[in-house]
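Here is a friendly walk through the structure shown below.

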Protein chains: 2
Amino acid sequence: MSDSRHGHGHPDAPTPSDLVEDEDYRLAVVDLLGVLAYTELVAFERLAADASLAPTISDEAALALMATAEIRHFTRLAERLAELGADPSAAMEPFVGPIGEFHAKTAPGDWLESLVKAYVGDGIATDFYREIAGQVDPETRALVLEVCSDTGHANFAVATVRAAIDADPRIGGRLALWGRRLVGEAMSQAQHVAGERDGLASLVVGGVDRPGMGLAELGAMFHRLTEAHTRRMQTLGLQA
Amino acid sequence: MSDSRHGHGHPDAPTPSDLVEDEDYRLAVVDLLGVLAYTELVAFERLAADASLAPTISDEAALALMATAEIRHFTRLAERLAELGADPSAAMEPFVGPIGEFHAKTAPGDWLESLVKAYVGDGIATDFYREIAGQVDPETRALVLEVCSDTGHANFAVATVRAAIDADPRIGGRLALWGRRLVGEAMSQAQHVAGERDGLASLVVGGVDRPGMGLAELGAMFHRLTEAHTRRMQTLGLQA
C-alpha cells in the first residue's frame, strides 16, 4: 500500500489542536487507537501461539520473532492512549468482544491456514486502518501508519503458501475458501463495531462540524479494499 | 536463586579454551544452549497464548509484555549457538519431543493454572539450568545465568495466585495438586533427556577427562532443587 495519499491525509482532516479542543474528536481517536491496540495485542498472542504449528524449528523461530513486532506496536499505541489522557485498558475494552469473536470463529486448523489468516486478515485490517488514517490529524495518522507497517510476516507467508500449493495444487481450493471466510467474518465484526461505536464511525463518515467521506468516497474506499484483497489472494496463488 | 556459588562456578570447571580444543565439551555446550533455547522459544509461545486467558485487559497486556523477555533470551542463545559453529535449529531439534510432550501433558485449564505453571515450572527449570551453569566455562555460565534471570513474571504470578486463594481457599487444594503434577512431568522429561543426551549428562556428572558432580554433590543439588521448589509453592500459598 504505497499510495502516497495516505501519507498526506484528507485536506479537511482535523488538526492536532482539535484533539484538545474537540472532546468528541478526542474520544473518536481514543476509540481508533483502542481498537488498533487490542488488534495488535491479540495478533501477538495468536501469532506466537501459531508459531508452534510450524513444521520446522527455523520457521517456528521466524514466526515467533515476527510476533514480537506486534507487541512493539501495541506498546506504542498504549503509550499514546495514556498521553491522550485515556486508560489504555478502558480504551480497548469495547473491542474485546468483536475481536475475540473474530478469532474464535477463524481459529486456523493448520499451519497454512494460520499463514493465510495472518497475511489476508492482517492485510485487509491494516488497509482499512490506513484508510481511516487519511481522516485524522497528522500525529495520529503517523502513529497509525507506523503500527500498520509490515512486520516481514507477509513475505514469509507468501513464500510458504505458494510453495505448498506448488507441491499440492488441491491445497489451493481449500485455502481460497478459507480466505473468503476470513473476509466475511472480518466484515461482519467491522459492521458490528461501526454500529456500536459512533465515534469511530464518525472518523470515517464525519461528525457534526467535521467533514468525512461522502458516499462516493466510501464506495471508492471499499473498492480499494476489495481490489487490494483480491491482489493479496492472487499473490498467494488463490482465487479471491 | 541468589546463591553466589553459581556466579563463580565449579573450581574444576572447563575454561573457554576447552570449547575450541575439546569437541566433546563443545557438543555438550551446544546441547545445553540448544535445550535452553527451545525451552525459551516454547515458553514464549505458551506465555503469549496464555495471556488470552487473563481476566482483565491490563493483566493480558502485562503477560504479553513478559513473554517478549523470553524471546530476547531465545535470540541471545541462538546467536551464541551460531558463534560456536552450530546450526541453532539442529541444536534445538533433539529437545522438541520432550519439551513438546511436557507442554502437551501440562496444558493449563485456566488462568491460575497457567500462572502456577509459569512460576513453579519455570522456577524449577531455571534452578536446574543455574546448577548446570556452575559446571561450565565462564562465558557459557554468564549467558545461562543471563537467560535464567527473572522476567518479572514471578512477582505477577505470586500476587495473582495468592489473591485468588485468599478469595476462595478451596482453589489452593486444586493448585497444589497441579504444582505436583508439573514437577512430576518435568522430572520425567528431564530423565528422558539425560538418558538420550550423553553430552548434556556429562556436563553434570563429568566426562572422561573432566570432573563433574560426585554422587554426594548430585544429591545436594537435588536437595537444593527440592527445597527451592517447596519455597516457591509456599510463596504461592500452596502445599508442596
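Let's begin with Leu33(B), which sits in helix H3 of chain B; helices here are DSSP runs of H or I with at least four residues, and strands are runs of E with at least two, numbered from the N terminus. Leu33(B) is buried, as 27 other C-beta atoms lie within 10 Å. The word buried is used when 20 or more other C-beta atoms lie within 10 Å of a residue's own, exposed when there are 12 or fewer, and partly exposed in between, with C-beta atoms placed from the backbone.

Leaving out residues up to four places away in sequence, Leu33(B) touches Leu77(B), Arg80(B), Leu81(B) and Ala91(B). Two residues are in contact if their C-beta atoms, placed from the backbone, lie within 7 Å. Leu33(B) and Leu143(B) are 110 residues apart in sequence, yet their C-alpha atoms are 9.1 Å apart in space.

Residues are numbered from 1 along each chain as its sequence is written, and chains are lettered from A and ligands numbered from 1 in the order in which they are written.

The model scores ipTM 0.76 and pTM 0.81. For chain A the mean pLDDT is 86, and 90% of its residues reach 70 or more; pLDDT is the predictor's confidence in each residue, from 0 to 100. Over residues 1–8 of chain A, pLDDT stays under 50, and the model has eight contacts for them beyond four places in sequence. Where pLDDT is low, the predicted coordinates should not be read in detail.

How is chain B laid on chain A? A turn of 180° with a shift of 0.0 Å along the axis does it, with an RMSD of 0.0 Å. That is the relation of a two-fold axis. The same surface serves both copies, with 100% of the contact residues of chain B recurring in chain A. The copies are superposed by least squares on the C-alpha atoms of residues with pLDDT of at least 70 in both. Of the residues of chain B, Ala49(B) comes closest to the rotation axis, its C-alpha being at 2.6 Å.

At the interface, 22 residues of chain B are in contact with 22 residues of chain A. On the chain B side, the elements giving two or more residues are helix H3 (23–50), helix H4 (57–83) and helix H5 (88–92). H4(B) gives the largest share, ten residues. By class, this side of chain B has 14 nonpolar, five polar and three charged residues. Here Ala, Val, Leu, Ile, Met, Phe, Trp, Tyr, Cys and Pro count as nonpolar, Asp, Glu, Lys and Arg as charged, and the others, Gly among them, as polar.

## The nonpolar core

Which members of the largest nonpolar core touch the most other members? Of its 124 residues, they are Ala37(A), Ala48(A), Ala37(B) and Ala48(B). Such a core is a set of buried Ala, Val, Leu, Ile, Met, Phe, Trp, Tyr and Cys residues joined through C-beta atoms within 7 Å.

Not counting residues up to four places away in sequence, Ala48(B) touches Phe44(A), Glu45(A), Ala48(A), Ala49(A) and Ala67(A), along with Ala64(B) and Ala67(B).

## Helix H7 of chain A and its surroundings

Helix H7 (residues 111–133) of chain A has 23 residues and reaches 32 Å from its first C-alpha to its last, close to the 33 Å expected at 1.5 Å a residue. The expected span is 1.5 Å times one less than the number of residues. H7(A) is largely enclosed by the rest of the structure, because 21 of its 23 residues are buried.

Gly134(A) has its place in the loop between H7 and helix H8 (138–147) of chain A, and Gly134(A) is buried, with 23 other C-beta atoms within 10 Å.

Technical notes. This is a predicted model: local features need pLDDT of at least 70, side-chain atom pairs count only at pLDDT 80 or more; totals for chains, interfaces and linings use all residues.
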